[in-house]
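Visitor: I would like to learn how to read helix packing, chain contacts, domains and cores in a model. Could we take them in that order?

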Amino acid sequence: MRVDPLLGATVLPEAEPRAWARLYDRGLPVIPLGIIGVFVLMAILAPLISPADPEEQSLRSRFRPPVWDGRGSWRHPLGTDRLGRDMLSRIFYGSRVSLAAGVITVLLASAVGAAVGLVAGYYGGRVDAVLMRLTDATMSFPVILLALILAVTVGPSFTNVVVAIAVILWARYARVIRGQVLTLMELDFIAQARIAGAGAWRVISRHLVPNTLNTLVVLVTLQIGYVIIVEASLSFLGAGIPPPTPAWGSMIAEGREFVTSAWWVSLFPGLAILLVVLAFNLLGDWLRDTLDPKLRQL
Amino acid sequence: MTSQTLARPPVIDVRDLRTHLVTRWGTVKAVDGVSFAVREGETLGLVGESGSGKSMTCLSIVRLTPRSVSGVLEGTVLLDGDDLLTKSEKEMQRIRGRKVAMILQDPMSSLNPVFSIGMQMREPVAAYHGLRGAALWRRAAELLASVRIPSPEARLRAFPHQLSGGMRQRVVGAMAIAAPPRLLIADEPTTSLDLTIQAQYLGLLKELQARHHFAMIFVTHNLGIVAKMCERVAVMYAGRIVEMGAVREIFVSPRHPYTQALLESVPRLGAKLDRLTTVEGQPPDLARLPAGCAFAARCPKVMDRCAEAPPELAVAPGHSSRCWLQAPA
């Protein structure tokens, strides 16, 4: 504690916890992090922990029920599908597709979107008008339709799924980041930086990006869940990951004709999607509340 | 600037500066033919109501007028004889922060909230002094000490939200003098500080000026501060300087009716007043300025001649007024 001779007793406050330090104060969201952790491990360790080859067919052992059903066995803990492929192994491998699609797409879209938002907000005027109309146009285009067009014209593939979703998704980021930048640009420290001789690049990289990072992190987390659902929907429709690669969406689709007799074929991938998406959404909510409670609209 | 028989050439010499902004309500003549000059070590006060073009004049000097609107920026702004309005943006970036520094009004938002004071100070310090590492840190601490920030080393690690408004404004002051500027523009730097801190800060600015001999443009609407800080005053109204002269001269014998009204509206201790005098009416719409004197509609001494715009008329050496009252009949 120091006393300022001019101002009387001004005490330098104890280092106050900053936003990122507050992460620990609030207690980490153990359940969402745990679920995500388990699925990430599954994806990484899939070749080691899978009881069988996920693409190996065995028509003699098709539609085996899960182990707790009288007719099931430990050979196939979650049963088999209509081609006799091991469900558990397919779910393990399917988590690779879902997580990779979610993370890669969101990173791609957020990088592009944030760049557009920063440029639009910083330059304003005509640049802003053009970029924002482009954003509006993009947001009005249905993702599923674009993916179907891509699937029909160039054929379904993992790359096409990522591209189709990212090409639409960046617009959300652009709009949110631009809004933040517009607020930041009104603040004196931006003007002060420009007066101190900072050029566009310096203002954007040193002052705008660090101040929009919280928003970006929250939005990225919330969007991963959304992208996983979109990827699953595309795979369900056959416009996503082509067979025989296991993807949760296509697994649900394969089981849908047999729901009454072999419910496990569709149920387990469905549960996997539910758990992962829920975990990412909970984590995103928690990050939002912790980092910036003002971001309720995201 | 008729006389002032000083040998020193002006640091900043603004001639016929015009900043017109094209908005959807029409062309706003925010700055309309402003001329003034400030010498080394001298302080010019720029006073006027909100929207009279004070801040826009300052922003025009450093060419940082709002970029989202198009418009005109013309005239000459000579900084040590070099016209800033002909510079490229790249050249301007080198001039800003090195030759011209500026302190803005709001200390609450004048520092980047996500970086510590030290992180923000190292930028201007490194850029000007070419220092690195421990030497850079030491120089930053010295600068903080020179603006009377106690325990500067500790403050370098602090974040903006840990400092008071007065303290933050002094940090901004320290950054402004990191590269001793030729011209310091202070745009109402003390508006949001409380009175005792205000007095200290003004004293500090004067002290820094005495040490570094920069020319200063001090924007304010507080005439008390003008009396304390400035050698000369320029009174702005609707984008024009309506009266300019030495502080004493303006305070003792104001010539322009607007200046007179401004001075009368300052409450004085001991004066028996039932109510404060105000300047009647509203400032004009800068997009629809009248052809003649912009103050005519509110002027108590308005006459027929006011339909025609008055030129700048000399009242006394170094004192001019833009009013027909000064014209020989």
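Guide: We can begin with helices, which are DSSP runs of H or I of at least four residues, numbered from the N terminus. Helix α3 (residues 87-123) of chain A packs with helix α8 (residues 200-237) of chain A at an angle of about 145 degrees, their axes being 7 Å apart; axes are lines fitted to C-alpha atoms over the stretch in contact, and angles run from 0 to 180 degrees between N-to-C directions. This is a predicted model, in which local features need pLDDT of at least 70 and side-chain atom pairs count only at pLDDT 80 or more, while totals for chains, interfaces and linings use all residues. Residues are numbered from 1 along each chain as its sequence is written, and chains are lettered from A and ligands numbered from 1 in the order in which they are written.

Visitor: By class, which residues make up the contact of α3(A) with α8(A)?

Guide: Ala, Val, Leu, Ile, Met, Phe, Trp, Tyr, Cys and Pro count as nonpolar, Asp, Glu, Lys and Arg as charged, and the others, Gly among them, as polar. On that scheme, the contact of α3(A) with α8(A) has 17 nonpolar, five polar and one charged residues.

Visitor: At what angle do α3(A) and helix α6 of chain A pack?

Guide: Helix α6 (residues 158-185) of chain A and α3(A) pack at about 35 degrees, with axes 5 Å apart, and their contact has 25 nonpolar, five polar and three charged residues.

Visitor: How many residues of chain A are in contact with chain B?

Guide: Contact requires C-beta atoms, placed from the backbone, within 7 Å, and by this criterion 24 residues of chain A are in contact with 30 residues of chain B. On the side of chain A that touches chain B, α7(A) gives the most, with six residues, and that side has 10 nonpolar, eight polar and six charged residues.

Visitor: Which domains does chain B have?

Guide: Bounds come from an automatic or database domain assignment, which for chain B gives domain 1 (10-99 + 184-284 + 296-326) and domain 2 (106-180). The centres of these two domains of chain B, taken over C-alpha atoms, are separated by 29 Å, and 12 residues of domain 1 are in contact with 15 residues of domain 2.

Visitor: Which residues touch the most other members of the largest nonpolar core?

Guide: A nonpolar core joins buried Ala, Val, Leu, Ile, Met, Phe, Trp, Tyr and Cys residues through C-beta atoms within 7 Å, where buried means 20 or more other C-beta atoms within 10 Å of a residue's own. Among the 161 residues of the largest one, B:Met102 and B:Val235 touch the most other members. Domain 1 and domain 2 of chain B both give residues to this core, so it lies between them.

Notes:
A residue is buried if 20 or more other C-beta atoms lie within 10 Å of its own, exposed if 12 or fewer, and partly exposed in between; C-beta atoms are placed from the backbone. Two residues are in contact if their C-beta atoms, placed from the backbone, lie within 7 Å. Helices (H or I, at least four residues) and strands (E, at least two) are DSSP runs, numbered from the N terminus.
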